[in-house]
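Please open the model in your viewer and keep the sequence panel beside it, so that each selection can be followed in both places.

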Amino acid sequence: MKIKNIIKSVVAIAAMALCFNLSATEPKTEKEMKSIIVYFTHSGNTELAAKKLAEVTGAPLVRLLPVEPYTAADVDWVNEQSRCTQEHLNQTLRPAIKPLDVDLSQYDTVFIGFPIWWHEEPAVIRTFLDTADLTGKELYPFCTSYESPMSEADATLQKGYPSLKWHTGLRLPASKEQVERWIKGQ
Ligand SMILES: Cc1cc2nc3c(=O)[nH]c(=O)nc-3n(C[C@H](O)[C@H](O)[C@H](O)COP(=O)(O)O)c2cc1C
């Protein structure tokens with residue numbers, strides 16, 4: 001009788017452990033996924049877009065700041081010697097950024113916003129991608145631009161950082177419905 005009870009208890013504990021393990025490995029629902037918006041802006045457009053995205057997603061905002069701010073002369077793309085042109089021509093350049101006041105390990109989803117510079121992401125974004133541990137996170141890039149589409153930056157990001165989990169990016173501004181469809185992957 002005693003042995004029977006012990007066996008019953010062992011079976012019950014094993015079943016509980018199995019249930020617990022199964023629920024622990026189940027994919028998180030959209031509500032359980034924690035999101036954050038990390039963005040770089042020079043003249044404010046991407047900041048505005050990031051704030052609108054925050055309204056839709058409820059995600060907190062973190063601005064990437066270069067240690068050495070970009071001056072008007074730095075972003076003169078007509079000048080071949082300007083900082084932005086040099087950073088475009090020499091893709092190994094990584095402008096230093098200020099430390100982020102946030103623990104990214106707490107987030108599963110990172111929205112990464114930037115203005116398109118020279119048809120792609122600015123070098124500041126590459127500094128961020130090189131220094132932050134984004135392994136396994138769902139990454140949603142977004143941009144603002146005069147006219148360049150997001151697809152060009154999607155291509156450079158995926159080529160430059162192939163081990164990261166990229167979703168197709170979105171050029172903002174976009175409607176709330178477009179943003180929601182984007183996040184759902186539709
Ligand atoms: C250095 C530089 C390069 C740019 N290159 C492009 C480009 O290739 N294509 C484009 O459509 N817009 C380009 N733009 C325009 C910006 O992407 C656009 O104004 C953007 O919304 C600015 O965002 P921000 O206000 O957040 O800095 C460029 C702007 C700068 C300063």
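Helices and strands here are DSSP runs, a helix having at least four residues and a strand at least two, and they are numbered from the N terminus. The model is a predicted one.

Begin by selecting serine 148, which you will find in the loop that runs between strand S4 (138-144) and helix H5 (150-160). Is serine 148 buried or exposed? Its relative accessible area is 11%, and because buried means under 20%, serine 148 counts as buried. If you set aside the neighbours within four places in sequence, the residues in contact with serine 148 are Ile116, His119 and Arg171.

Next, select the ligand, which sits in the largest pocket. There are 19 residues around the ligand, and those that come nearest are Thr41, Ser43, Thr46, Thr144 and Ser148. Display the side chain of threonine 46, where an N or O atom is 2.7 Å from an oxygen atom of the ligand; in the side chain of threonine 144, likewise, an N or O atom is 2.7 Å from a ligand oxygen. Of the 650 Å² of accessible area that the ligand has on its own, the protein covers 91%.

Finally, move to aspartate 133, in the loop between helix H4 (123-131) and S4. Aspartate 133 counts as exposed, at 56% relative accessibility, and its side chain makes a polar contact of 2.7 Å with the side chain of threonine 135. Leucine 104 is 29 residues away from aspartate 133 along the chain, yet their C-alpha atoms are separated by 7.7 Å.

Technical notes
Residues numbered from 1 in each chain as written. Predicted model: local features only at pLDDT ≥ 70, side-chain atom pairs only at ≥ 80, totals over all residues. Heavy atoms only, no water. Buried < 20%, exposed > 50% of the residue type's maximum accessible area, 1.4 Å probe, protein only. Contact = heavy atoms within 4.5 Å. Near = heavy atom within 4 Å. Polar contact = N/O pair within 3.5 Å; in protein donor to acceptor, adjacent residues only side chain to side chain. Areas by Shrake-Rupley, 256 points an atom, 1.4 Å probe, with all protein chains shown as cover. 1 Å grid on protein atoms, 1.4 Å probe; cavity = no way out; pocket = protein on both sides within 12 Å on 5 of 7 lines; lining within 4 Å. Sits in = over half its atoms within 2 Å of the grid points.
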